[in-house]
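Subject: Structure handover

Hello,

Here is the structure I promised to pass on. Please open it alongside this email; my notes follow below.

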Amino acid sequence: MRVKLLRYTVDPELLCGAAALTSSKSGRPSEIFEGMDLERARQIIKRVTGYGHMSVIEHASFTFSIEDVSRAMTHQLVRHRLASYTQQSQRYVKYDTLKSYVTPPTIANNPDAQKIFEEALEHVSNAYNKLLEMGIPKEDARYILPNAAKTNIVVTMNARELRHFFNLRCCARSQWELREVATEMLRQVKKVAPSLFENAGPTCVELGYCPEGKMKPPECNIEEIKRQFKNL
């Protein structure tokens, strides 16, 4: 898989810092923004979001290209409704099952399982190509394509929704492929807007405890997880 931050709001921390002051200052937002410096903006963002007032960071948006991931993963990704998505269409793009698919590690690490997996994909690929040769439209032949099929998708979220997305999808209980994507997205946005994503990561990083209750994976060590995401 490949994750790349394509574009983001210019000066996102300055913008969100100015937005935060707008609600409590009598000056014009444009003047507040022009007079804002990065250190002050970061202090304001830390204070205001520390109160739980997260709406001010909705003014910053981030757009990613997420490439060579499975349809199984993107089906979960698009459940996050406060976002914009544009995905590669199987109606228009001819698909090569034998070259473009994602193999889960549990299958890749088991030779017998991998053999079954690859044989099934070969059978699907042959059937898909035969349907196309018969004149069946791609939009109908795609009905037999697997969840393992690779796809590309462009995703845009604002900073508040991203933080919520990271809470859920950086968690050890999240599906492995989406967790890898979310963690890489977080790594990249922290570089360009650190104050907007301070303490971002799975919910336990912010809370200091696991909210999953009995569903908490036994291998989870919250202090280790907090160190991991602090140093991301």
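In which helix is the place of A159? A159 sits in helix α8.

First, the ground rules. This is a predicted model: local features need pLDDT of at least 70, side-chain atom pairs count only at pLDDT 80 or more, and totals for chains, interfaces and linings use all residues. Residues are numbered from 1 along each chain as its sequence is written, and side-chain values use heavy atoms, with hydrogens and water left out.

**Overview**

The chain has 11 helices and 4 strands. Helices (H or I, at least four residues) and strands (E, at least two) are DSSP runs, numbered from the N terminus. Along the principal axes, the C-alpha atoms fill a box of roughly 70 × 45 × 25 Å. Of the 232 residues, 41% count as buried. Buried means under 20% relative accessible area, exposed over 50%, and partly exposed in between (1.4 Å probe, protein chains only). A contact means heavy atoms within 4.5 Å. Among contacts between residues at least 6 apart in sequence, 74% join residues at least 24 apart.

**Helix α8**

Back to A159. Its relative accessibility is 0%, so A159 counts as buried. Leaving aside neighbours within four places in sequence, A159 is in contact with I57, A60, F62, L196 and F197. Take L196: A159 and L196 are 37 residues apart in sequence, yet their C-alpha atoms are 6.9 Å apart in space.

R163 also lies in α8, which spans residues 159-169. R163 has a relative accessible area of 9%, so it is buried. Not counting residues up to four places away in sequence, R163 touches M54, I57, L196, F197, E198, N199, A200 and E206.

**Strands**

β1 and β2 pair in the antiparallel sense over 6 bridges. Two strands pair if DSSP finds at least two bridges between them. V3 stands opposite I66 in β2. β2 also runs antiparallel to β4 (residues 150-158), joined by 8 bridges. There, I66 has I153 as its bridge partner. In β2, 8 of the 10 residues are buried, so the strand is largely enclosed by the rest of the structure.

**Aromatic pairs**

How many aromatic pairs does a search of the whole structure find? The search finds 5. Rings of Phe, Tyr and Trp (its six-membered ring) pair if their centres lie within 6.5 Å; planes under 30 degrees apart count as stacked, over 60 as edge-to-face and the rest as tilted. The rings of Y8 and F62 have centres 6.1 Å apart and planes at 20°, so this pair is stacked. The pair links distant parts of the chain: Y8 is in β1 (residues 2-8) and F62 in β2 (residues 61-70), 54 residues apart. Y8 is partly exposed, at 38% relative accessibility. F62 is buried, at 0%.

F165 and F166 form a tilted pair, 5.8 Å centre to centre with 55° between the planes. Both are buried. Ring pairs link Y8, F62, F165, F166 and F197 into a cluster.

**Cores**

The largest nonpolar core has 48 residues. A nonpolar core is a set of buried Ala, Val, Leu, Ile, Met, Phe, Trp, Tyr and Cys residues joined through side-chain atoms within 4.5 Å. The residues with the most contacts inside this core are F62, I66, L162, F166, L196 and F197. α9 gives the most to this core, with 6 residues. Not counting residues up to four places away in sequence, L162 touches F62, F64, M157, M185, V189 and F197. Another core lies apart from it, of 11 residues, among them Y95, Y101, L132 and A148.

**Helix α11**

Which residues of α11 (residues 222-230) are buried? They are I222, I225 and F229. They cover an arc of only 60° around the axis, which puts them on the same side of α11. The arc is that of the directions from the helix axis to the C-beta atoms. An α-helix has 3.6 residues a turn, so residues three or four places apart point the same way. The buried residues of α11 pack against α9 (176-192) and α10 (203-207).

Best wishes
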